[in-house]
Amino acid sequence: MATGLSDVELAAGAKLMARLDAFAAFTDEPGRLTRLFLSDAHRRAAQAFIAWCGEAGLNARVDPAGNVVARYEGKSAGAPALMLGSHIDTVRDAGRYDGNYGALAALAVVEALAAEGERLDHAVEIVAFGDEEGVRYRTTLTGSRALAGTYSKDALNQKDSGGVLMRDALKAFGGDPERAGAIRAQNVAAFVEAHIEQDPVLEAEGLPLGIVTAINGATRLEVGVDGMAGHAGATPMALRRDALTAAAEMALAIEARARAEPNLVATVGRLEVWPGATNVIPGHVQFSIDLRAPDDSRRAVALADLTQRIEAVAASRGVRATLAKTHEADAFVCDSRIVAGLAKAVGSLGVPPRLLPSGAGHDTMIMGGLCPAGMLFVRCKGGVSHNPLESITLEDCAFGLAALTRFVRDFHIL
Ligand code: GLV
Ligand code: MN
Ligand code: MN
C-alpha cells in the first residue's frame with residue numbers, strides 16, 4: 001500500500017477492522033446483523049466494548065440512558081474533554097460499519113494514546129451511543145439527547161412492537177430511567193464523530209476521507225389511517241373504505257412531492273396493516289414518514305404540503321388520517337474550527353481534504369447542541385449503507401483512524 005500512513009497507523013487500522021468484524025457477531029438475528037436498542041445483542045456488544053476499554057486501562061460503564069461511556073484523563077485530572085464516538089445500535093439486516101466504525105475508532109484513538117502513555121492537555125471521553133437508528137421505538141437519538149441535556153422523558157413510555165416499555169428495557173439493560181434525563185455532559189469542549197459516508201461522493205472522486213460541513217434536518221412522522229374492515233368477498237368495490245389502498249396512494253403522493261424538489265428526500269419505510277388477513281379489507285394502517293432536507297424552511301414547507309396531500313387522499317377515499325410527529329431535528333452546521341482541524345489532519349496524511357454535507361442523520365447533530373461538533377467521513381463502497389453489503393477497505397479504515405488520532409493529538413481547547 002502506497003500511503004501517507006505510518007506502520008503504526010496501518011497496524012492500528014488493521015486492528016480496528018478486525019474488531020469491526022468481531023463486533024458484527026453481536027446480533028439479535030442469526031445470519032444477519034440486527035442489533036436494536038437495549039436488546040440482548042446490544043447488551044452483549046456493550047459488554048464487549050467495556051471489556052476492550054478495560055484492556056486499554058479505561059474504566060467504562062453503561063450510563064443511565066444506555067450509552068457506554070469512558071474517560072481517558074489528560075495531563076491534569078478533570079481537564080475539559082474532547083468527546084469522540086458514534087452509535088452501536090443498528091438497523092435490521094444492517095452493515096457492520098454504520099455507527100460501529102466511529103464508536104470503535106474512538107476506543108482505538110485512546111488505545112493509541114494509552115499505548116504510548118501519552119497524556120494531552122485535554123481529556124478524551126469516548127461514547128458508544130445506544131439509540132441512533134430509532135428502529136425499536138418510535139423515538140431516536142435518545143442517548144445523545146441525554147448527554148446533550150435535551151432528553152425527553154416521554155421516550156421512556158414508548159412501547160416496542162412486543163409491548164415492552166423503553167423504561168423497563170432500559171432498566172434491564174443496566175441504565176437508570178429515573179436519571180436518564182439528568183446526565184447532561186459537563187466540561188466537554190467538543191464532540192467529534194467518525195462515520196462511514198453512506199453516499200458515493202468520495203468514491204466517485206477517488207478520495208478515502210471527507211470532512212462534514214453540515215447535516216440534513218429531519219422530521220419523522222407516524223401516520224394512522226382508519227378505514228373500515230370488511231368481507232373481501234362480499235363488499236362491492238364502490239362501497240369500501242380500504243385503509244391500505246388509501247395509505248398506498250398517500251405513499252405515492254409523498255414520493256411525488258419529494259421528487260419535485262432537489263435535495264428533499266422522503267421515505268415511507270414501515271407500513272403495518274390490520275387486521276392483516278387475506279380475506280379481510282384492511283381497516284387500519286400505520287406507516288412512517290422520514291422527511292429530510294438541508295434547508296429547514298424548505299422541509300417545513302414540504303411537511304405542510306405532505307400533510308395537505310395526505311388529508312386530501314383521506315377525504316377522497318372516506319378514511320381518516322392522523323399524523324403524529326415522532327422526531328424533529330434541524331439541519332446542523334458543523335463547527336468551522338473542527339472542520340479546519342479535521343482538514344489539517346486529513347491533509348497531513350497526503351489526502352486532499354474534501355468538505356461535504358451529510359444526507360444521513362447522526363448523533364453529532366444532537367451533540368452540537370451541547371458543544372462545538374463535527375464529523376469525519378470514511379469512503380464506503382458504492383455509498384451503500386443500511387444494507388449488509390456495506391463495505392470499506394482496510395486502507396480507508398486506517399486512514400480514518402489515523403486522521404482522527406492526529407486530530408485528537410493536535411486538538412486545542414476551542
Ligand atoms: C440514521 O442512520 C439515519 O440517518 O436515519
Ligand atoms: Mn449511523
Ligand atoms: Mn444508520
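The shell around ligand 1 is made up of four charged residues, two polar ones and one nonpolar one (Asp, Glu, Lys and Arg count as charged; Ala, Val, Leu, Ile, Met, Phe, Trp, Tyr, Cys and Pro as nonpolar; the others, Gly among them, as polar). The model is a predicted one, in which local features need pLDDT of at least 70 and side-chain atom pairs pLDDT 80 or more, while totals for chains, interfaces and linings use all residues. Residues are numbered from 1 along each chain as its sequence is written, ligands from 1 in the order in which they are written, and side-chain values use heavy atoms, without hydrogens or water.

The shell itself consists of E132, E133, R220, R292, A360, G361 and H386, each with a heavy atom within 4 Å of the ligand. Polar side-chain atoms of E133 and R220 each sit 3.0 Å from an oxygen atom of ligand 1, and an N or O atom in the H386 side chain does likewise at 3.0 Å. Of the 190 Å² of accessible area that ligand 1 has on its own, the protein covers 93% (Shrake-Rupley method, 1.4 Å probe).

E133 and H386 turn up again at the manganese ion (ligand 3), where D98 (OD), E133 (OE), E133 (OE) and H386 (NE2) coordinate at 2.1 to 2.6 Å; donors here are N, O and S atoms within 2.8 Å of the metal (3.2 Å for Na, K and Ca), and water is not among the atoms, so sites may look incomplete. The donor spacing reads D-x34-E-x252-H. D98 also coordinates the manganese ion (ligand 2), 3.5 Å from the manganese ion (ligand 3).

E133 is buried at 7% relative accessibility, whereas H386 is partly exposed at 43% (buried is under 20%, exposed over 50%, partly exposed in between; 1.4 Å probe, protein chains only).

Methods: A polar contact is a pair of N or O atoms within 3.5 Å; within protein, one must be able to donate a hydrogen and the other to accept it, and residues adjacent in sequence count only if both atoms are side-chain atoms.
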